[in-house]
Amino acid sequence: MKIFTVENIRLADLYTIQNEPVSSVQLMERASSLCAEWIFSNCKHHTKFAIFCGNGNNGGDGFAIARMLYLKGFDIEVFINKEQLKFSDEALINYKRLKDISGISLRDFNETLRYNFDEKTVFIDALFGTGLSRKPEGIFKKVIEVLNSKNNPKISIDIPSGLFTDQINHENSTIFKADYTLTFQFWKKTFLHPETGSFAGKVIVLDINLAQEFIENTPTDDFVIDDEVILNIFKVRQDFAHKGTYGKSIIVGGSYGKIGAVVLATKSALKTGSGLTFVLAPNCGCEILQTSVPEAMFIDGGEKNIRQIKAQENTVFGIGPGLGTEKESEKALLEFLENHQSPLILDADALNIISKDKSYLKLIPKKSIITPHPKEFERLFGTTENSFERLDLVKTKAKELNICIVLKDHHTQVVTPEGTVFYNITGNSGLAKGGSGDILTGIITSLLAQKYTEEEATILGVWLHGKAADFAAEKYSTEAMQPTDVIDEIGNVFLYLNKKATTQL
């Protein structure tokens, strides 16, 4: 799914109105109807709604939703700024329609400050839409602050009021904190960054049928990884294949006391379908690895730490899990990189070794993949003020080094050398545990060995990793799920994918 800027969203609306054709009021009615249907289906245990409407088209959505929910039998109160009843054309039409319904209470924003809301009343935020470019002030600021102070369920329409669409907000901005955001057609960029995404809560994307021709023909560098993207990448396994068809992976890592990391990476590589899987680790982990992962072949890399990494042709290396940063392991890694030209995956301690000297970055083979979390990225490339600036730096470094960078976060970002960004929306907080990154290394290594391109391997890899985590969380909870549970669910993700892929044939 493409992520559009505010301007391109506006142009998509305009193109749809001109070419469907449909009036702007009818398009608003379409969007509001989808919101009302979602609310009706998901808020059946609530009977009362307080809807806060601004003067623009977002307020118009709110007026239309209020009318529709009232006709479905809900108790509706609408709050507006009675001191300034100057609405956009579309909002005015829906405001007049609402006024004709005697059963809906119209209250002033000032009443919000002292109103005694029932704790089961659902707040619906329709104050500001995607076009907001300044901090809420005056009565709008006060209303948002009052609503945020309450524990009532909260739903935002299209975007939480006060939140910008394409950029980070000003410091100390007042932003409505939603439990759910019913957004139209596209994910918004700020939903996907840690400083701003928490205000959106759970995001529900409602397809309002904006013109597909415009969407397809309008370029963007930002995408969300959804099922459509994945099904265009995923390759169904062929019946007449053999183990050589699906490549050779070597997971390199482990040190005394850190063998578990390389076990996890190796297990995930196997589960993801690597044809031949080797693990290069210190001899102290041989028995553990041969017992834990009997399907993988062991290569002795040293005694307690890895002292040598020998290159092999037609092999994809995934290096880093549990490697350690001792001098002998550092020397082994750097010597290997000096003589290895093929794309590989670097993570964890491999990145920590490289971060010791900026000149080491030049040793990373072109088209390789690195998978840092934010702190590892900072050690490699320096600090930034926020995640938006960090993403700009990621794009610069991916182009400069000609590599793919997988920046691990709540919504992991895959950044290509061309500057294209893919945000992952699978996964959950259960992945915030040691070992989760090791699994991702194994997954991506396996996919690259299976002849997926670097871009395909990273996009499919982060999605697969997150989807397996979602399946694990459903079974065990985000608190109790373990990295091994995520590995166990990889097979179920492939069952899901194969079913989807064969259904489309």
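Mentor: First, a word on the annotations. UniProt positions are given in the numbering used here, feature names are shortened, and annotations may be inferred rather than shown by experiment. Residues are numbered from 1 along each chain as its sequence is written. This is a predicted model, where local features need pLDDT of at least 70, side-chain atom pairs count only at pLDDT 80 or more, and totals for chains, interfaces and linings use all residues; side-chain values use heavy atoms, with hydrogens and water left out.

Now the site. An unreviewed UniProt entry annotates Asn58, Asp125 and Ser161 as "binding site". These residues span 104 residues in sequence, yet no two of their C-alpha atoms are more than 9.4 Å apart, so they gather at one spot. Of these residues, Asn58 is included in the lining of the largest pocket. A pocket, on a 1 Å grid over the protein atoms alone, is an open set of points where a 1.4 Å probe fits, with protein on both sides within 12 Å along at least five of seven lines; lining residues have an atom within 4 Å of a point.

Helices (H or I, at least four residues) and strands (E, at least two) are DSSP runs, numbered from the N terminus.

Take asparagine 58. It lies in helix α3, residues 57–71. Its relative accessibility is 6%, so asparagine 58 counts as buried. Buried means under 20% relative accessible area (1.4 Å probe, protein chains only). Beyond residues up to four places away in sequence, asparagine 58 touches several others, including Asp125, Gly129 and Ser161. Contact here means heavy atoms within 4.5 Å. The side chain of asparagine 58 also reaches the backbone nitrogen of leucine 127 at 3.2 Å. That is a polar contact: a pair of N or O atoms within 3.5 Å, where within protein one must be able to donate a hydrogen and the other to accept it, and residues adjacent in sequence count only if both atoms are side-chain atoms.

Now serine 161. It sits in the loop between β5 (154–157) and β6 (180–184). At 0% relative accessibility, serine 161 counts as buried. Leaving aside neighbours within four places in sequence, its contacts include Asn58, Asp125 and Thr174. The side chain of serine 161 reaches the backbone nitrogen of phenylalanine 128 at 2.9 Å.

Definitions and conventions:
Buried means under 20% relative accessible area, exposed over 50%, partly exposed in between (1.4 Å probe, protein chains only).
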